[in-house]
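Welcome, and please open the structure in your viewer. We will walk through it stop by stop, selecting residues as we go.

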Amino acid sequence: MRYAETDQMGVVYHSNYLIWFEVGRVEFIRQLGLNYKEMEEEGCGIAVVDLHVRYRAPARYDDELVIETRLVAARGAIVRFGYRILRAADGVLLCEGETAHVVVGKDMKKRSLPAKYAERFALHLIS
């Protein structure tokens, strides 16, 4: 945790968790052997359309965090990811949430997830 991510009391500012959700999502996609930048270059983006977050305990300056990301759903033009952010030192759950995305083309119009990604995502869905 960097000092710039905290408030005057040394507690992480709430919007930083949303940035960490994105970091987790990009890394999750990378671990599937895919690359989000290449997805976009191929004309496939995933636009956030809904977000839920629940703060459980504060993260503080200099905490090391673990971001757990899972794929919750991937069907047609909808993709959902779930997240848990934990303090590495003691495993305490600090924050959890979920994002819903609509698959869009470069024209920002809704489209189905291309087969290449849909097939890989299907192998990693949490049941």
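**Stop 1: a bridge across the chain**

Select glutamate 42 and lysine 116: they form a salt bridge, with their closest N and O atoms 3.1 Å apart. A salt bridge here is a side-chain nitrogen of Lys or Arg within 4 Å of a carboxyl oxygen of Asp or Glu. This pair links distant parts of the chain, as glutamate 42 sits in the loop between H2 and S1 while lysine 116 belongs to helix H3, 74 residues away. Helices (H or I, at least four residues) and strands (E, at least two) are DSSP runs, numbered from the N terminus. Glutamate 42 is partly exposed at 43% relative accessible area, and lysine 116 is partly exposed too, at 45%. Buried means under 20% relative accessible area, exposed means over 50%, and partly exposed lies in between (1.4 Å probe, protein chains only).

Before moving on, note that this is a predicted model: local features need pLDDT of at least 70 and side-chain atom pairs count only at pLDDT 80 or more, while totals for chains, interfaces and linings use all residues. Residues are numbered from 1 along each chain as its sequence is written, and side-chain values use heavy atoms, leaving out hydrogens and water.

**Stop 2: other salt bridges**

How many salt bridges are there by this rule? The count is seven. Next, pick glutamate 27 and arginine 30, whose side chains meet in a salt bridge at 3.2 Å, N to O. They are separated by about one helical turn because they stand three residues apart in helix H1. Glutamate 27 is partly exposed at 34%, as is arginine 30 at 46%.

Now show glutamate 68 and arginine 84, a salt bridge with its closest N and O atoms 2.9 Å apart. Glutamate 68 lies in strand S2 (residues 65–75) and arginine 84 in strand S3, so this bridge ties together parts that are 16 residues apart in sequence.

**Stop 3: the nonpolar core**

Select Tyr17, Ile29, Met39, Phe81, Leu113 and Phe121, the residues with the most contacts inside the largest nonpolar core, which has 24 residues. Such a core is a set of buried Ala, Val, Leu, Ile, Met, Phe, Trp, Tyr and Cys residues joined through side-chain atoms within 4.5 Å. At least two core residues come from each of helix H1 (16–31), helix H2 (36–41), strand S3 (78–87), strand S4 (93–104) and helix H3 (115–122). H1 supplies the largest share, five residues.

Zoom in on methionine 39. What does methionine 39 touch, leaving aside residues up to four places away in sequence? Its partners are Ile29, Cys44, Ile46, Leu113 and Tyr117, where contact means heavy atoms within 4.5 Å.

**Stop 4**

Select cysteine 44, which is buried at 1% relative accessible area, and then cysteine 95, buried at 0%. A search of the whole structure finds zero disulfides, a disulfide being a pair of cysteine sulfur atoms within 2.5 Å.

**Stop 5: from one end to another**

Jump to valine 12, in the segment before H1. Is valine 12 buried or exposed? With a relative accessible area of 7%, valine 12 is buried. Draw a line from valine 12 to methionine 108: they are 33 Å apart in space, C-alpha to C-alpha, and 96 residues apart in sequence.
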